[in-house]
Amino acid sequence: MSFWHYLQQNWTELLQHLREHLWLVFISTLIAVAIGLPTGILLTRKKSLRGPILGIANVMQTIPSLALFGFLIPLPFIGGIGARTAIVALVLYSLLPIIRNTVTGILGVDPNVREAAVAMGMTGSQVLWQVELPLAMAVIITGVRVALVIAIGVTTIAAAVGAGGLGVFIFRGIRQFDNNLLLAGAVPAALLALTADFGLGLVEKYFSVTRKRKAVAGSGRRKITIGAVTAIIAAVVTGVYVGSRDSRDSRSHGFLPKPRVVVGSKDFTESAILGEIAAQMLEARGVIVERKFELGGNLPHEGLLASQIDIYPEYSGTAYTAILKHAPITDPRAVYDQVKQEYAEKFKIALSEPLGFDNTFAILVRGAEARRLKLKTISDAAPYVRNWRAGFGQDFMSRADGYPGFVKAYGLKFADQPREMDLSLTYIALSSGKVDLIAGNSTEGRIAALDLVQLEDDSHYFPPYEGVYLVRNDSLSRVPALNEVLGKLAHAISTEEMRQLNYEVDANKRGQAEVVREWLKRKGFMAP
Amino acid sequence: MFSRFALIAGGTPAVPVNEMLELIKAPLVEFRDVSFSHAASTVPVISHLTFSVQQGETLVLLGESGCGKTTTLKLINRLLSPTSGEVKVEGKSITAWDPIRLRRRTGYVIQEGGLFPHFSVARNIGLVPALEGWEKEKIKSRVDELLAIVGLEPGEFASRYPGELSGGQRQRVGVARALAAEPPLLLLDEPFGALDPLTRASLQRQFVDLTRRLKKTAVFVTHDVREALLVGSHIGLMQKGKLLLLETPENFVKSKNEYALAYIETLDLAPGSSQPLEGSR
């Protein structure tokens, strides 16, 4: 499928994410200017504050955006999942260029001109508004321009905290090895950045004094340019506003207040599919569903605790080791019971019946390699790994039932320190020979398609990872449909089925909503 | 060219006649034992200055760079405040004035005019009237009037920006701006210093003409003795923060003071100095 064909097909979704993107950038830049400009002015008056405040703003910018998002999530009021967190982070990033350029611009005003202004009998605020700010405006606009371009870039990462925007395409594209998807996010984001840069470049020129010297004849054209830029900005803002109102209207449509449920998911295909299954089944039962899919790391758990999410799919082993911090054990029943009990006591969160599949870590090697060396189990492979490189997802490297215990259990020593990369990239890295062994998911759809072979966990190191849903107790009592849906899904998805669903989305590049709808119909789950 | 324009400025001041007489009798600017040093330093920039400037006089402060003449000027409109002693303007101590009011009653001209590069010529000139809340129409006619006084065609120059003017034109605009709200006092800090000799000579002559016609009082800072002799009704010679002598131009050239003699000698050395300012057109 060509990129343009792809764009045509996904036009509405592209527009929606573009609108979210613009909205985030616009709001955060506006707030950053509202904070940064007065702060910058203050710093020109109070020299002693200049070092510390510029220092803080500087440090803010060096924090990697994903880390900043992670740091903000658990904070009350400004944190959480969604647009608010993204806006706070974006504002923090945008502050430095705006403050710094305001200071530079004002301090750069010719001292003779400032002295003349004072000597003419201007008051302090008249000097500021009539002389300093207009003369510093071109430099300040440059700061806003830099801030805006940064914001457009960082907003793509905001998708990781469920704020939407073009990053949704990028993350999904990386996960599904789909270049069209990736480009559908990256190209508009890049165009947006270029357009913003160009547009503000014109505004900057308008304010620059050097241009005024030669521009008597050109003043008409200047007015047209500034008019055009204003019109574009106005159109975009109106579009964004109307758009956001539309989506609100459509949500509140209806006669009786319908129950609302926020369904979350982690940032990989299987989790999103499971989220979509719950979402569609709830919608079929008259519940208004808000999807907060594709949340990174521990975000769904944090969101559930903070009541920002009602339900999300999880794995019994993950809850047991990564969240409850128990040492891994291999008995599925014991893990499930322990998790259920502790979640009820500690978090007031309910665990659904197991969904029927087990998505444990799958140690994978290339099929050709396995056949040549006659490898069946991990122990078979142990003598060879001395010459092998491994590639693991960040998750596997850091968790209790991951890398450290794994190499100890099998006495493995790799040629190099394992390469840490995005989980979804490890499959490609393996099949293309960049690495020789990875820890994938047993339900990964493309294991067969890429001719990869799963080595048996003969020492029973990996704990069970049964798929379950985690639901807040108060959500269960508020929305009875949740009970019904979870009842239907108990033991309803086999590992084979899960692998097939993943394959449809990841390898056949089909939309997850469509794949889920088909599956639900086949299972007869749509009707209450 | 300048003489073609009739005298139209200098409207009647809204002050009763007896008060006017009082004002005329009192010196417009008065320094009493004034010293000034910067906060960080103990070396005074000026020390124990005492002098006064009467209504209608032009006092020229003459001296080398760093002698304290600019500092003296800035003490008058309170861009600086004296470390000790008292400065009076219109008989009232500088500390009793609202600095904003004082500055709006004092025209200020610096080198290159200190014009606002983002304001048109008209807006630069009309600045103080606008700050004082004059009506738009009144400001506009005042701006046209002043442009005419300083010899610039209003229709051609009002809408230009300072960047589009020559150095001499900028300086004329600077003078016009200083005159705009009809201040009784003008302060000028080497206003013609950066100009070529011909333009400078022409502007100096027009300045003398102007101050006489408009009966302005002025304090004029320069390091050029010829300029001092030409524009000043009095010359105050400064060195290292002290006022060495204060004389009329006629007495200044006859002075026996060594430092003054050094200045006067430069006049004799310059070729054609007997008529330094004739034939500049």
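Trainee: What percentage of the 281 residues of chain B count as buried?

Mentor: In this predicted model, 42% of them count as buried. Chain B also has 12 helices and 10 strands.

Trainee: What makes A:Gly433 exposed rather than buried?

Mentor: A:Gly433 has 11 other C-beta atoms within 10 Å. The cut-off for exposed is 12 or fewer, so A:Gly433 is called exposed. A:Gly433 is found in the loop between helix H20 (423-431) and strand E8 (437-441) of chain A.

Trainee: Where is A:Arg389 relative to A:Gly433?

Mentor: The two are 44 residues apart in sequence, and their C-alpha atoms are 9.6 Å apart in space.

Trainee: Why is B:Val208 called partly exposed?

Mentor: B:Val208 has 16 other C-beta atoms within 10 Å. Exposed needs 12 or fewer and buried needs 20 or more, so B:Val208, with 16, falls in between. B:Val208 lies in helix H9 (residues 197-214) of chain B.

Trainee: How do you know that B:Val208 is in contact with B:Val231?

Mentor: Contact requires C-beta atoms within 7 Å, and B:Val208 meets this with B:Leu230 and B:Val231, leaving aside neighbours within four places in sequence. The C-alpha atoms of B:Val208 and B:Val231 are separated by 5.6 Å, although the two are 23 residues apart along the chain.

Trainee: What makes a group of residues here a nonpolar core, and how many residues has the largest one?

Mentor: Its members must be buried residues of the nonpolar kinds, joined through C-beta atoms within 7 Å. The largest such core has 185 residues. Those with the most contacts inside it are A:Val161, A:Ala278, A:Ile311, B:Ala176 and B:Val219. Helix H5 (residues 83-107) of chain A gives the most to this core, with 15 residues. A second, separate core has 21 residues, including A:Val365 and A:Tyr427.

Trainee: Which residues is A:Ile311 in contact with?

Mentor: Neighbours within four places in sequence aside, its contacts include A:Val261, A:Ala278, A:Tyr469 and A:Leu482.

Trainee: What kind of crossing do H2(A) and H7(A) make, right-handed or left-handed?

Mentor: H2(A) passes H7(A) in a right-handed crossing. The axes of helix H2 (residues 11-45) and helix H7 (residues 124-155) of chain A come within 10 Å and cross at roughly 145°. Among the residues making the contact are A:Leu24 and A:Val25 of H2(A), and A:Ala147 and A:Leu148 of H7(A).

Trainee: How many residues of this contact are nonpolar, polar or charged?

Mentor: By class, the contact of H2(A) with H7(A) has 11 nonpolar, 4 polar and no charged residues.

Notes
Residues are numbered from 1 along each chain as its sequence is written. Chains are lettered from A and ligands numbered from 1 in the order in which they are written. This is a predicted model: local features need pLDDT of at least 70, side-chain atom pairs count only at pLDDT 80 or more; totals for chains, interfaces and linings use all residues. Helices (H or I, at least four residues) and strands (E, at least two) are DSSP runs, numbered from the N terminus. Two residues are in contact if their C-beta atoms, placed from the backbone, lie within 7 Å. Axes are lines fitted to C-alpha atoms, for helices over the stretch in contact, and angles run from 0 to 180 degrees between N-to-C directions. A crossing is left-handed if the near helix is turned anticlockwise from the far one by less than a right angle, and right-handed if clockwise. Ala, Val, Leu, Ile, Met, Phe, Trp, Tyr, Cys and Pro count as nonpolar, Asp, Glu, Lys and Arg as charged, and the others, Gly among them, as polar.
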